[in-house]
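The following account is meant for a reader meeting this structure for the first time. It begins with the sheet and then turns to the metal site.

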Amino acid sequence: MKNLSILGATGSIGDSTLKVLDNLKGHFKIMYMSANNNYKKLADLAKKYDPEYVIIDKVFYKDLKELLGSTKIKVLTNEDGLIQATSDPRVQVVVNAIVGSFGLRPTITAAEHGKVIALANKESLVMAGENVNKLMKKTGAKILPIDSEHSAILQSLNGEEFSTIHRIILTASGGPFRDRKDSLENVTIADALAHPNWSMGDKISIDSATMMNKGFELIEAVHLFDLKPKQIDIIIHPESAIHSMVEYIDGSVIAQLGLPNMMLPIQYALTYPERKKMDLPRLNFHKLGTMNFYEPDRKLFPAIDVAIAAINEGGTVPVVLNTVNEIMVYKFLQGKIKFTEIVENVEKEISKHKKIINPTIDQIFEVNDEIWKRLH
Ligand code: NAD
Ligand code: MG
């Protein structure tokens with residue numbers, strides 16, 4: 001039995017993680033569960049899963065405490081709670097399913113304390129991949145990716161050395177606008193949220209619609225598998241049956257396939273290197289019929305090239321990429337800016353940024369905090 005913390009337990013990945021833990025009954029004890037503001041859902045989940053601690057934004061501390069009145073479950077606020085959940089020596093595995101830049105501190109603390117990190121929060125690696133890797137080397141911490149593409153790469157690698165990789169073929173569903181030819185300037189919030197193949201939180205749904213998500217995933221793959229950005233090709237595969245592929249130095253290509261359901265990569269991250277039984281609907285090749293592949297339209301989806309330029313620039317440029325994008329996605333979701341202004345503003349801010357080479361973790365947080373203060 002391993003002890004586990006779930007950060008972002010009330011979100012979409014949180015929901016799927018809890019279903020996986022139901023499937024893995026007896027293998028994990030949930031010690032900490034966190035949420036940002038949905039204290040009612042967190043209280044219900046806590047009553048069901050009986051963690052030692054729950055963690056919530058301080059505004060909802062009293063409300064949550066009241067709802068848990070007669071239980072033994074202790075309530076912490078985000079400020080100290082997320083640090084405790086990722087540094088408690090009894091905790092072996094941390095699931096980081098927090099969305100956005102607020103997921104970085106927990107990833108860093110978990111890496112400092114040698115945890116196994118089942119990572120959904122790709123933003124941590126976009127912002128600080130090199131720093132996180134250095135920390136993990138020192139402490140023996142390990143990241144197991146929850147992102148389906150990176151899980152597919154890990155599964156396709158099946159224990160082979162990273163040095164045998166010639167290139168990665170990162171598949172993308174293409175999001176709700178993949179068949180558009182005309183400008184995306186006037187698309188609505190509802191259009192942008194309507195992902196064809198996956199049901200996810202709002203922020204990643206918008207990132208999928210701009211395809212910034214695929215740019216982030218390219219950066220995530222660079223850090224996870226020690227690759228050069230140019231070793232990664234992005235290809236649209238609308239059926240989302242192949243979740244990504246590894247082309248080896250001898251020309252062989254190995255892919256991982258399955259129905260699009262996050263429970264599979266989550267369970268693999270939690271049981272790695274083992275596989276455990278799971279009764280989900282299976283991929284049916286007769287139903288699937290054909291698989292299609294085509295190049296993304298880089299003019300309609302400039303985010304891909306903006307992200308590649310940011311990782312090639314390095315230093316604190318990917319921090320600007322991440323955090324300006326995050327703020328602009330929320331502005332779009334509030335109806336304050338147009339869809340196309342998300343990436344336009346990211347580009348504008350990157351062009352003004354004075355990059356710091358080899359930033360420390362503190363410098364990364366300084367750049368992030370300055371952007372939040374100025375643009376939010
Ligand atoms: P979501 O919006 O459904 O859930 C986000 C969770 O984070 C919630 O529990 C929320 O309470 C918590 N949270 C939000 N802001 C916070 C803050 N400031 N401090 C502490 N906690 C906060 O998002 P999601 O779709 O579950 O995505 C979570 C992460 O997983 C993202 O980084 C996303 O890119 C990644 N991811 C998601 C999917 C998916 O299928 N949903 C797939 C791959 C990767
Ligand atoms: Mg993904």
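Two strands are said to pair if DSSP finds at least two bridges between them. The model discussed here is a predicted one. In it, seven strands form an open sheet in the order 4-3-2-1-5-6-7, and their pairing is parallel. From one strand to the next, the twist averages 25°.

At one end of that order, strand 6 (residues 116-119) and strand 7 run parallel and are joined by four bridges. Within this pairing, I117 has I143 of strand 7 as its bridge partner. Elsewhere, helix 2 (residues 39-49) packs on the sheet, where it touches strand 2 (28-34) and strand 3 (53-56). The direction of helix 2 makes about 165° with that of strand 2.

The metal site comes next. Which residues are the protein donors of the magnesium ion (ligand 2)? They are D147 (OD), E149 (OE) and E217 (OE), and they lie 2.1 to 2.2 Å from the ion. Along the chain, these donors follow the spacing D-x1-E-x67-E. Distant parts of the chain are linked in this way: D147 belongs to the loop between strand 7 (142-145) and helix 7 (148-157), while E217 belongs to helix 10 (residues 212-225), 70 residues apart.

Are D147 and E217 buried or exposed? Buried means under 20% relative accessible area. D147 has a relative accessible area of 7% and is therefore buried. E217 likewise counts as buried, because its relative accessibility is 1%.

Terms used
Residues numbered from 1 in each chain as written. Chains lettered and ligands numbered in written order. Predicted model: local features only at pLDDT ≥ 70, side-chain atom pairs only at ≥ 80, totals over all residues. Heavy atoms only, no water. Donors = N, O, S within 2.8 Å, 3.2 Å for Na, K, Ca; no water. Helix = DSSP H or I, 4+ residues; strand = E, 2+ residues; numbered from the N terminus. Buried < 20%, exposed > 50% of the residue type's maximum accessible area, 1.4 Å probe, protein only. Axes fitted to C-alpha atoms, helices over the stretch in contact; angles between N-to-C directions. Contact = heavy atoms within 4.5 Å.
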